[in-house]
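Please read the following points alongside the coordinates. They take up charged pairs, aromatic rings, nonpolar cores and one surface feature in turn.

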Amino acid sequence: MSRYKDESPAVRVYTVCDESRYLIVRNVPALGCGNDMLQLFSTCGEVEECKPMDAEDCEQFTDVYWIKFCLFSNARKLDEFVFLRNRLQDSYAPHFESLSDTKDKLEGRRREVLARLNRKIIAYHVCYILIIGMLYRIVVKSRLRKILIRSNSAMPQ
């Protein structure tokens with residue numbers, strides 16, 4: 001990832017299996033500011049746990065934190081945070097998930113996709129009904145026009 005402000009970061013694409021409510025955040029200044037980190041992460045959503053990872057390798061004068069969000073969707077909002085002038089480097093940590101976490105994640109994604117599909121189907125049906133209504137009005141108007149022309153031509157002058 002670029003360290004310069006004027007360079008845009010690369011686009012990252014994740015599958016549902018890669019995403020997780022567990023995050024590992026690197027490049028946190030080693031100043032003993034765990035409570036401040038918890039406040040920062042809480043702006044994205046409710047945090048279940050937030051603790052430093054002492055066993056992880058990191059650059060000099062930085063720490064690594066392990067975060068567990070209550071919801072999977074909250075972990076998506078953490079990209080590109082800057083904390084005490086350091087750009088945080090976050091990565092999903094699905095290897096910390098239990099079997100029930102993975103099951104909940106996949107079931108939640110299934111519900112999201114079905115909801116999106118239902119909205120599209122409803123929008124399609126609404127458009128279809130509107131088009132049929134417009135066509136019906138056009139047909140009725142043209143028939144009325146023909147009837148009026150016939151009745152006008154049948155009238156004696």
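Predicted model: local features only at pLDDT ≥ 70, side-chain atom pairs only at ≥ 80, totals over all residues.

1. One partner is Asp-101, whose side chain meets that of Arg-21 in a salt bridge at 3.0 Å from N to O. Because Arg-21 lies in the segment before S1 while Asp-101 belongs to helix H3, this pair ties together parts of the chain that are 80 residues apart in sequence. Asp-101 is buried, as Arg-21 is.

2. Glu-48 also forms a salt bridge with Arg-21, and here the closest N and O atoms are 3.5 Å apart. Glu-48 lies in strand S2 (residues 47–52) and Arg-21 in the segment before S1, so that this pair joins parts 27 residues apart in sequence. Arg-21, Glu-48 and Asp-101 are linked, together with Lys-68, in a network of salt bridges.

3. The count of salt bridges comes to nine. Another to look at is the one between Lys-105 and Glu-97, in which the closest N and O atoms are 3.2 Å apart. Lys-105 is buried, with a relative accessible area of 6%, and Glu-97 counts as buried at 13% relative accessibility.

4. Turning to the rings, a search of the whole structure finds three aromatic pairs. Tyr-22 and Phe-96 make up a tilted pair, with 6.4 Å from centre to centre and 40° between the planes. Since Tyr-22 lies in strand S1 and Phe-96 in the loop between strand S6 (89–92) and H3, the pair ties together parts that are 74 residues apart in sequence. Tyr-22 is buried at a relative accessible area of 5%, while Phe-96, at 34%, is partly exposed.

5. Phe-96 also pairs with Trp-66, in an edge-to-face arrangement with 5.7 Å between the centres and 70° between the planes. This pair links distant parts of the chain, Trp-66 being in strand S3 and Phe-96 in the loop between S6 and H3, 30 residues apart. Trp-66 is buried, its relative accessible area being 8%. Tyr-22, Trp-66 and Phe-96 form one aromatic cluster.

6. Which residues have the most contacts inside the largest nonpolar core? They are Phe-41 and Leu-88, in a core of 16 residues, to which strand S1 (22–29), helix H1 (34–42) and strand S3 (62–69) each supply at least two residues. Apart from this core lies another, of six residues, among them Ile-24, Val-64, Trp-66 and Ala-93. Leaving aside residues up to four places away in sequence, Leu-88 touches Val-25, Arg-26, Asn-27, Val-28, Met-37, Leu-40, Phe-41, Phe-81 and Phe-83.

7. A last point concerns nonpolar side chains at the surface. In soluble globular proteins, nonpolar side chains tend to be buried together. Here, however, Tyr-124, Tyr-128, Ile-129, Ile-131, Ile-132, Met-134, Leu-135 and Ile-138 form a nonpolar patch on the surface, with about 860 Å² of accessible area together. Tyr-128, one of the patch residues, is found in helix H3 (residues 99–154) and counts as partly exposed at 47% relative accessibility.

Conventions: Residues numbered from 1 in each chain as written. Heavy atoms only, no water. Patch = residues over 30% accessible without salt bridge, like charges linked within 9 Å, V, L, I, M, F, W, Y side chains within 5 Å. Areas by Shrake-Rupley, 256 points an atom, 1.4 Å probe, with all protein chains shown as cover. Salt bridge = Lys/Arg side-chain N within 4 Å of Asp/Glu carboxyl O. Helix = DSSP H or I, 4+ residues; strand = E, 2+ residues; numbered from the N terminus. Buried < 20%, exposed > 50% of the residue type's maximum accessible area, 1.4 Å probe, protein only. Core = buried A, V, L, I, M, F, W, Y, C linked by side-chain atoms within 4.5 Å. Contact = heavy atoms within 4.5 Å. Phe/Tyr/Trp six-rings, centres within 6.5 Å; stacked < 30°, edge-to-face > 60°.
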